[in-house]
Amino acid sequence: MPRNLPFIRGRSYCPKCRKKISWYDNIPLLSFIVLKGRCRNCRKKISFRYPLVELLTGVFFVLGAEMTGGLGGLAVLGILRVWLITLAMVAVFFIDLEWQIIPDQIVFPLILVISFFSLITTPQSLITNYLPTAVLASAFFYFLHWLTREKGMGLGDVKFVFLIGLILGYPLAVVSLYLAFLTGAIAAVILILTGRAIRKQRIAFGPFLAMTCLAVLFWGEKILWLLKKYF
Ligand SMILES: [Zn+2]
């Protein structure tokens, strides 16, 4: 998306030699293993990010199907919802890490789709819980954005936490944001201590938000239980 490539139509190609990739060299994980991580045409290395994204997406798709309990009736909607969230979170994680951007093309459609899912499955909670949580989370992040003179928290984060509030609701969204700040702070300290970042450097926050949102989506109740027990 940040490279402005067509992401639904359009074929994959090798970023090194620009040759189009045949379907049999584009099978998730398997092709990377068969080709030993190199392009068939130019033999240059393929970034490890590709199989990693494929593996993570696959694992969370299976977990999602298991969690929502099969393909019958309304459960189909549950699976679709979790799969879409997985795709969005994995994409935001890697895009923000590399580009310090959270694309509106991911966040805005997801906000609409998640609202729609809520509207047909739990309309009452959408009004009394999910929507107010989203608004409050966004407002809090906008306040941080203003407080850090627009240099710390980006507007992308403000829009992204609206989506997270809408997905998780109260109290799980709070757990997710709390863990994002916690893991972000730990990562920042490690990066500074190991000399890989300087104190005033901006560290993308989206990856932490995306990672903890997925963790809480899948293991929210367990995490909540642990937090209540130990904090
Ligand atoms: Zn190539």
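What follows is a short chat about a predicted model.

Me: What should I know about numbering and confidence in this predicted model?
Reply: Residues count from 1 along each chain as its sequence is written. Local features need pLDDT of at least 70, side-chain atom pairs count only at pLDDT 80 or more, and totals for chains, interfaces and linings use all residues.

Me: Which residues touch the most other members of the largest nonpolar core?
Reply: Val-161, Ile-164, Ile-167, Leu-209 and Cys-213, out of 40 residues. A nonpolar core is a set of buried Ala, Val, Leu, Ile, Met, Phe, Trp, Tyr and Cys residues joined through C-beta atoms within 7 Å. Buried means 20 or more other C-beta atoms within 10 Å of the residue's own, with C-beta atoms placed from the backbone.

Me: Which helix gives the most to this core?
Reply: H6, with nine residues. Helices here are DSSP runs (H or I, at least four residues), numbered from the N terminus.

Me: How do H6 and H8 pack?
Reply: Their angle is about 5°, and their axes are 11 Å apart. So H6 is roughly parallel to H8 (angles under 35 degrees count as that). Axes are lines fitted to C-alpha atoms over the stretch in contact, and angles run from 0 to 180 degrees between N-to-C directions.

Me: What does Cys-213 contact, leaving aside neighbours within four places in sequence?
Reply: Met-89, Ile-164, Ile-167, Leu-168 and Ser-176. Contact means C-beta atoms, placed from the backbone, within 7 Å.

Me: New topic. What comes just after H2?
Reply: Gly-69, with a positive phi of about 75°.

Note on methods
Buried ≥ 20, exposed ≤ 12 C-beta atoms within 10 Å, placed from the backbone. Helix = DSSP H or I, 4+ residues; strand = E, 2+ residues; numbered from the N terminus. Contact = placed C-beta atoms within 7 Å. Parallel < 35°, antiparallel > 145°, perpendicular 65-115°, else oblique.
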